[in-house]
Amino acid sequence: MFRYILLRIALALPTIVLVSILVFLMLYLTPGDPASIYVGDRQATPERLAQVRHEMGLDRPILVQYADFATGMLRGGASRSLQTNRAVSDEIMERLPSTLELTIAAFLISVFIGGGLGILSALRPNSWFDTATRAVAMAGVSMPVFWLGALVIFIFSVQLRWFPVTGEGGWERLVMPAAVLGLVTAAPLMRLVRGSMLEVMGMDYITTARAKGQRESAVVLGHGLRNALIPIVTVMGLQLGALLGGAVITEAVFARPGIGRLIVDSILSKDFPVVQATILYVAVIYIVINLVVDISYGFLDPRIRLGAGQR
Amino acid sequence: MTTSTTRAVAQPVSALKPRHDSMLRMSLRRLLRNRGAVIGGIILLVLIVAAVAAPLISPYDPVEMNPPARLQSPGLSHPFGTDNFGRDIFARVLYGTRISLPMGIIAVAISLIIGLVGGLLAGYYGRWVDAGIMRAVDVMLAFPGLLLALAIVATLGPSLVNAMIAVGIAAAPTYIRVVRANVLSAREYDYVEAARSVGVPERTIILRHILPNVSAPVIVLATLGVAGAIITAAALSYLGLGVKPPTPEWGSMLREASNYLRLAPWTTTFPGLAIVVAALAINLLGDGLRDTLDPRMKL
């Protein structure tokens, strides 16, 4: 098991390095001179541009620049925002709790509703419950977060006045955004859980377990769910990615000052140091989440762990 | 995989043309029996007709402002009401079909091209080609959800074309993976081995013998992908990173409408409904296609 975990970590490291190279190159792939992007919309003399280029180290070899970028990121973002002139790391740390709070709450809602309905629906395929759940899930995968968010604001804030419209702080400001994001991401999860459960419940060992006279709950949870877990855990990992992405939109709809807002605002204001750092950190967080998911396979299914050990 | 074996058996007998045709007809007949797919197909057709015939259907210009008529609630002269510039929302939603549908389709076309080329190369040639392409896929998948599209838009700058490119590239890894997986299994079939042993050129093997095996899952993936691409492209516009006003696009209409939610909820209702209807129609069709072409596929 230890070897399996080490192997997984060893495989994730090059990905992080490649991602950081890609994010570093963003500035160079952008049409136009990086220095004038940094100067922004203000008019700049050639001398000023040359000075900026020197300050940014743009006149040095690209490898040296990347090394600087990478060590800066490792130290927690040494660069400063062009808009506020604050350290990028401060900007990010200030907004991270809001995004984490939203993502975790939405994840719980998503897993509870998507997973629960998926299992129930697979146990009674083609019943009215199954048909209704599938119809709702179908509508869910066709529903843009930003529109559902607007509808929820209109109904529960404007009409019923149950919750404050926007901002953050306190559970009453978290309910609507978390519910919207959770529900939209529950739909694909429900479809997948149902599919995996249906497949597993048709297996011979389920029939055997039933023939042995085991209680139905033991059959479903012990034999069914246990074996359906691998694809479900995979999707839950991807789900967190969808949630991190969805948080960008949800934060815009509900005006929550989180990481997503920071990314969008910094793209709109061409604040490149913030764009790069935020995107890189979110990507690394996501890589780590997927690493944890990968490692959890080893616990869920010994075959995977052993397969990796033999290689 | 029972389905792939039946397909594999059906492929090499392409000399028996009628058999091949009847399989196509069989799939079509099965698709027509799928109620969801038929409903989805009909709605999609209506949307396409509406997009083409937009000037004939609506008397209003989608971008012409008419300040005296601003924020009128839905009524006889403006069935969906008017927005904050007095523009007819029905006309804007209608003309929006001309932007949003092609955006989704072009974005998927970009994913498809990348996916087919990358997946075929990786699956067929294996070794370092495969390793290199799959590494690139891993790196792309390291950006969660919308983030890769955001990074691309940040690099290229916000615009309609760049939004399509961003959505297309961001979705491409899934296509590469699906194509590669199917190529890997197709490569091992006896008739591919046979073709190789009698000296059929590699290009012919890839195009004639491997590619057809990939088509079913790719058709399903691409159809469902259009729905996702429409929503993602609209999301970029909603964030202000895609289509710019005054172009009538559903996502950017919702962005403008967000300030008038209290005052004029209809400005939000109809563009959003248009996205849901379009995405739902395409998803229904895609689900039907999956049940017909590749029932074991998990999407």
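What percentage of the 311 residues in chain A is buried?

1. Buried residues account for 38% of the 311 residues in chain A, a residue being buried if 20 or more other C-beta atoms, placed from the backbone, lie within 10 Å of its own. This is a predicted model, in which local features need pLDDT of at least 70 and side-chain atom pairs count only at pLDDT 80 or more, while totals for chains, interfaces and linings use all residues. Residues are numbered from 1 along each chain as its sequence is written, and chains are lettered from A in the order in which they are written.

2. Chain A has 13 helices and zero strands (DSSP runs: H or I of at least four residues, and E of at least two, numbered from the N terminus). Its C-alpha atoms fill a box of roughly 85 × 60 × 30 Å along the principal axes.

3. The contact draws 40 residues from chain A and 35 residues from chain B (C-beta atoms, placed from the backbone, within 7 Å). On the side of chain A that touches chain B, α10(A) gives the most, with eight residues. By class, that side has 33 nonpolar, seven polar and no charged residues (nonpolar: Ala, Val, Leu, Ile, Met, Phe, Trp, Tyr, Cys and Pro; charged: Asp, Glu, Lys and Arg; polar: the others, Gly among them).

4. Within chain A, the contact of α1(A) with α4(A) is made by Ser20(A), Ile21(A) and Phe24(A) of α1(A) and by Tyr66(A), Phe69(A), Ala70(A) and Met73(A) of α4(A). These residues divide into six nonpolar, one polar and no charged.

Definitions and conventions:
Two residues are in contact if their C-beta atoms, placed from the backbone, lie within 7 Å. A residue is buried if 20 or more other C-beta atoms lie within 10 Å of its own, exposed if 12 or fewer, and partly exposed in between; C-beta atoms are placed from the backbone.
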